Amino acid sequence: MIMMHKNLHPSPATKKVTVALPEGEVLGVDVSTIQEVELNDTKVTGTSKYVQSFPQFDKEAKGNFLALKCEEAAKGDSIEWELSEAQTKGSGTLDEDGILVVKIHSNTQTITFKNGETSKKIDLTGLTLSPAE
């Protein structure tokens, strides 16, 4: 009789960071009201629309925002994020919906997502920030 040995504790697989664009609503606002962007792996292009009032983000919030989604957070991984040159909250951990909405002031900023040892930096240099009307 041959016993098959099962590896009960496989070496930890390399964690992934999959960043996508959310659809529908974020924080109670249709995504299309804050952005018209495309994401090509790590580079965002398109337009971050100027939002005159975004109380769901913050009571006094207005300006340019960007919404991104990390698939692994929705699958239960603990995903940390960091926004460079942040003027307001610049880091945190995604909740189970995996959606991140950040206030941005410059396309020289970057957003880094970390899942364990794996990280992905999102480049915003292709983003146009619409001015206030």
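What share of the 133 residues in the protein is buried? Buried residues make up 34% of them, where buried means under 20% relative accessible area, exposed over 50% and partly exposed in between (1.4 Å probe, protein chains only). Bear in mind that this is a predicted model: local features need pLDDT of at least 70, side-chain atom pairs count only at pLDDT 80 or more, and totals for chains, interfaces and linings use all residues. Residues are numbered from 1 along each chain as its sequence is written, and side-chain values use heavy atoms, with hydrogens and water left out.

**Overall build**

The protein has 1 helix and 12 strands, taken as DSSP runs numbered from the N terminus (helices H or I, at least four residues; strands E, at least two). Along the sequence the order is β-β-β-β-β-β-β-α-β-β-β-β-β. The radius of gyration is 18 Å, well over the 14 Å from the globule rule for 133 residues, so the protein is more spread out than a compact globule. That radius is taken over C-alpha atoms, and the rule is 2.2 Å times the number of residues to the power 0.38. Along the principal axes, the C-alpha atoms fill a box of roughly 80 × 25 × 25 Å.

**A cluster of rings**

Ring pairs link Phe54, Phe57 and Phe65 into a cluster. Rings of Phe, Tyr and Trp (its six-membered ring) pair if their centres lie within 6.5 Å; planes under 30 degrees apart are stacked, over 60 edge-to-face, and the rest tilted.

| Pair | Centre to centre | Angle between planes | Type |
|---|---|---|---|
| Phe54 and Phe65 | 4.8 Å | 75° | edge-to-face |
| Phe57 and Phe65 | 4.9 Å | 65° | edge-to-face |

Phe54 sits in the loop between β6 (50-51) and β7 (63-70) and Phe65 in strand β7, so their pair ties together parts 11 residues apart in sequence. Phe54 is buried, at 1% relative accessible area, and Phe65 is buried too, at 0%. Phe57, at 26%, is partly exposed.

**The largest pocket**

The largest pocket has a volume of about 350 Å³. Here a pocket is an open set of points on a 1 Å grid over the protein atoms alone, where a 1.4 Å probe fits, with protein on both sides within 12 Å along at least five of seven lines; lining residues have an atom within 4 Å of a point. Of its 18 lining residues, Leu27, Phe57, Ile99, Leu100 and Val101 are the closest to the centre. β10 gives the largest share of the lining, 5 residues.

Terms used: Points joined across faces, edges and corners; volume = space filled by probe spheres on them.
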